[in-house]
Amino acid sequence: MIDSGPAQARSTAAPVGQLDIVRRMSLGMAVALLVQYALGMVVNLYVTLPARDQGGGLLAAVGRAFANGPAAVAIHAGLGLLLILGGINLVVRSALSRHRPLIWLSAISLLSILGAALNGAAFVNSGSNGPSLGMAMLTGVALLCSVLSLYVLSSPSRR
């Protein structure tokens, strides 16, 4: 027999502490993405990649950026790897918070960061302008997602 009493909706509200962690992580990711964007501009304008670094695959490009690249390229690649780890962490934390807009925004941000990393490897392999533009555009998308996450977390409906 079906229960005839009032249906109880389970709570989907995330613990307040979890949303605070996601808010702080989103702010940290936004700052790190801005720093990465600035480093990318420096590398694009003032650094010439060695011709011997061209060709190869994704992992070879990352290895060459650390081993052969100028310091700015190595810092840029290292921060990119940290951003990937931060993006993964943010997706997991957002999923734990069960806040759908945050889950979507953090997932789009992570995909944008991964796309920027792939474009970065293509840039090291070819040195052409297309992958450089791809990195910049995808970094902008990831930054926009971080800022929108901060907006969603500060909305009156959350309080």
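Residues are numbered from 1 along each chain as its sequence is written, and side-chain values use heavy atoms, with hydrogens and water left out. Because the model is predicted, local features need pLDDT of at least 70 and side-chain atom pairs count only at pLDDT 80 or more, whereas totals for chains, interfaces and linings use all residues.

**Overall organisation**

The protein has 5 helices and 0 strands, where helices (H or I, at least four residues) and strands (E, at least two) are DSSP runs numbered from the N terminus. Read along the sequence, the pattern is α-α-α-α-α. Of the 159 residues in the protein, 39% are buried; buried means under 20% relative accessible area, exposed over 50% and partly exposed in between, with a 1.4 Å probe and protein chains only. Among contacts with a separation of 6 or more, 71% are between residues 24 or more positions apart, a contact being heavy atoms within 4.5 Å.

**Helix packing**

Two packed helices are described by the angle between their axes and the distance between the axes. The axes here are lines fitted to C-alpha atoms, for helices over the stretch in contact, and the angles run from 0 to 180 degrees between N-to-C directions.

| Helix pair | Angle between axes | Axis distance |
|---|---|---|
| α3 and α4 | roughly 165° | within 8 Å |
| α4 and α5 | about 160° | 8 Å |

The angle makes α3 roughly antiparallel to α4, and α4 and α5 are likewise roughly antiparallel to each other; angles under 35 degrees count as roughly parallel, over 145 as roughly antiparallel, 65 to 115 as roughly perpendicular and the rest as oblique. The crossing of α3 and α4 is left-handed, as is that of α4 and α5, which means that the near helix is turned anticlockwise from the far one by less than a right angle.

In the α3 and α4 pair, residues of α3 including L83, G87 and V91 meet a set in α4 that includes L102, S106 and I113. By class, this contact has 13 nonpolar, 4 polar and no charged residues, while the contact of α4 (residues 100-126) with α5 (residues 129-153) has 17 nonpolar, 11 polar and no charged residues. In these counts Ala, Val, Leu, Ile, Met, Phe, Trp, Tyr, Cys and Pro are nonpolar, Asp, Glu, Lys and Arg are charged, and the others, Gly among them, are polar.

**Nonpolar cores**

A nonpolar core is a set of buried Ala, Val, Leu, Ile, Met, Phe, Trp, Tyr and Cys residues joined through side-chain atoms within 4.5 Å. The largest one has 18 residues, of which L83, L102 and I113 touch the most other members. Helices α1 (16-46), α3 (71-97), α4 and α5 each supply at least two residues of this core, and the largest share, 7 residues, comes from α1. Apart from this core lies another, of 11 residues, among them L49, A61, A72 and A121. Leaving aside residues up to four places away in sequence, L102 touches L19, V22, S94, S97, S149, V152 and L153.

**Two individual residues**

G80 is found in α3 and, at 16% relative accessibility, counts as buried. Although G80 and L33 are 47 residues apart in sequence, their C-alpha atoms are 8.8 Å apart in space.

R98, in the loop between α3 and α4, is partly exposed, with a relative accessible area of 44%. Most residues other than glycine have a negative phi, whereas R98, which is not a glycine, has a positive phi of about 55°.
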